[in-house]
Amino acid sequence: MKTTFLGNGLDSENKNNVRKQLAESFESKVYNKFNGFVAFATLSGVSSLKSNLGTAKSNYEHIRFYIGIDNNVTSEDALKFLLNHNIETYIYHDELNKRSIYHPKLFIFEGVDFSRIIIGSSNLTYQALNTNLEASIKFDFSSKTSSKGLNTLTEIKQYYSSLIDLSSPNINLLTEELLKELVKKKLLSNYNDEPKTDNDEDDDDKSGNNYEKKFTENDKIKFETIIERYIIYKQNERPSGIVSKHTQDIELFRWYQKMHSLYGQGENSLPYEYFERLLDIDFPFDGIGLKRKQLIKWHKDFQKVIDYKNKVDPDKKYTYVPQFKNKSNEYYEVGLWCAQQKQRRKGNKNYGIEWSKEEEDKMNSINFVWNVSTLGFRTTEDKWSDTYVELENYYSKKNNYKTVPSQKTYIGHWLSDQMSFKTKQDRENRTDLLSIEKEKMLGKLLYENGVEWEYKKQKHRESIEEGLKNWRELENWKNKLGNRKPTKEEKAYYKPIKGWIASIRNRSKTWKDKDLWKKEMLIKAGFPLPDNE
């Protein structure tokens, strides 16, 4: 990792200052993702990077600012500039904590091969980037091999995780409506720290919001048509989902604004089925904080439950997901989520927000089993998932590695049946005895614990492999022995190896067709079988 000091204020021509390094980074094709955290921003500060940000928008997958508005330093014009140029921006403001302010100056550029972190004292103001006496540090490192750089980046992201994943209640997406609210509350300044230049633009939206403030029958009729246009716009124009007021599709822009205005408006709010549809496509509602993130995540996790049911138990009329024990299980998180929903439904506040009627209806729509005892008698097939969990428990004990449960136990007998199903399916080219997903789940668990589907054959093979290893050791010893007589200790050590050799040679004479693989294995290793002497 390369570290460079970035000075500012003493030498205006110094190439190693923050403004020049930001400009260079935005222009570079090495990076494709940017996150910037600053306490303050003014128009002449952000507009000095206008052309560089324009280049970055063509090359970057992600450009995002997190800007503070404490102490009335951030200007209204600066936020208008970011809105007008479609720069995804989030405003951080903690109304409840007046004793501390949001004060970072951190710029993160990430790329497939290289990444860069700039951290110091410079905000996005003209003076901080040009005339103030400032100090910052730049870290350049490989995105693939630099452990120090990657550890530093991970620590930063973990610390600011609630901002980056937008779960902080103090984060709000910058929109026209939010800007008006901030101005009304007098939280922004209306001054600029430098005279207006040719780069500064007055790009206010004069269109107004002349639409009916409720979800009408006409909105219902047009909804699917417009949402399809919105999805295409989001894919091709703005992955953030923010519709620019400069778009040629004015109807789309007005629809986008109306969906925002109807969010959380009581009886005039969006009907739930339409709200849910917008959540599914990650529509960026105002108030993008914790509640919205929870709603989106809940719906995504619910879909994972449906996916599990369709893959693992497609023929059942109900949906049942056990709480798996093995964290490497593909469905571990699905089982854990279901267990957490059961606790929320019981009113356990340690597991999240209060259980809602909408959530209850969604879970009931898939016949989700809240209590397995309500199912009554269950066949072996019905209990497949629960028995699988018992097997996970068996393998959680280290001394059970490379073993299988005794067939005297239920899970041992069950596992033997599954292995037989797999062998028969492979032999007869069938898929009806063990579903593809169950085969995948069980096969992964066995593989992680050193067990193959044909366990008996595996034990025979490993025994022969160990015997061949000892036979080679014996042959090497005999070659080195020469005319010397073996010692008493040597005779005792090699006696059981000689015994295995004699035994395997004798047994090979009675092997049938199903044992031919053993003979082929020995012949390939050069072992002297009776038929080959």
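# Asking around a predicted model

Me: Asn 429: buried or exposed?
Reply: Asn 429 is exposed, with a relative accessible area of 72%. Buried means under 20% relative accessible area, exposed over 50%, and partly exposed in between (1.4 Å probe, protein chains only).

Me: What kind of model is this?
Reply: This is a predicted model, where local features need pLDDT of at least 70, side-chain atom pairs count only at pLDDT 80 or more, and totals for chains, interfaces and linings use all residues. Residues are numbered from 1 along each chain as its sequence is written, and side-chain values use heavy atoms, with hydrogens and water left out.

Me: Back to Asn 429. Where does it lie?
Reply: Asn 429 lies in the loop between helix 16 and helix 17 (436-448). Helices (H or I, at least four residues) and strands (E, at least two) are DSSP runs, numbered from the N terminus.

Me: What about the phi of Asn 429?
Reply: Its phi is positive, about 55°, although Asn 429 is not a glycine. Most residues other than glycine have a negative phi.

Me: Which loop holds Lys 402?
Reply: Lys 402 is in the loop between helix 15 (384-395) and helix 16 (410-428). Lys 402 has a positive phi of about 65° and is not a glycine. It is partly exposed, with a relative accessible area of 35%.

Me: What is Lys 402 in contact with?
Reply: Leaving aside neighbours within four places in sequence, Lys 402 is in contact with Asn 449, Gly 450, Val 451, Tyr 455, Gln 458, Lys 459 and Glu 462. Contact means heavy atoms within 4.5 Å. Take Gln 458: it is 56 residues from Lys 402 along the chain, and their C-alpha atoms are separated by 10 Å.

Me: How many bridges join strand 2 and strand 5?
Reply: Six, and strand 2 and strand 5 (residues 105-110) pair in the antiparallel sense. Lys 33 stands opposite Glu 110 in strand 5.

Me: Strand 3: how many of its residues are buried?
Reply: Seven of seven, across residues 62-68. His 62, Arg 64, Tyr 66 and Gly 68 point one way, and Ile 63, Phe 65 and Ile 67 the other way.

Me: How does strand 3 run against strand 2 and strand 4?
Reply: Strand 2 (residues 33-38) runs parallel to strand 3, joined by six bridges. Asn 35 stands opposite Arg 64 in strand 3. Five bridges join strand 3 to strand 4 (residues 88-92), also parallel. Tyr 66 has Tyr 90 of strand 4 as its bridge partner.

Me: What unit do strand 3, helix 4 and strand 4 make?
Reply: A right-handed β-α-β unit, with helix 4 at residues 76-84. Right-handed means that, with the strands pointing away from the viewer, the path from the first strand over the helix to the second runs clockwise.

Me: At what angle do helix 4 and helix 8 cross?
Reply: Roughly 175°, and the axes of helix 4 and helix 8 (residues 176-184) come within 11 Å. That makes helix 4 roughly antiparallel to helix 8. Axes are lines fitted to C-alpha atoms, for helices over the stretch in contact, and angles run from 0 to 180 degrees between N-to-C directions. Under 35 degrees counts as roughly parallel, over 145 as roughly antiparallel, 65 to 115 as roughly perpendicular and the rest as oblique.

Me: And how do helix 9 and helix 10 cross?
Reply: The axes of helix 9 (residues 217-236) and helix 10 (residues 250-261) cross at roughly 110° and come within 10 Å. Helix 9 and helix 10 are therefore roughly perpendicular. The contact includes Phe 223 and Tyr 230 of helix 9 and Trp 255 and Met 259 of helix 10.

Definitions and conventions
Pairing = 2+ DSSP bridges.
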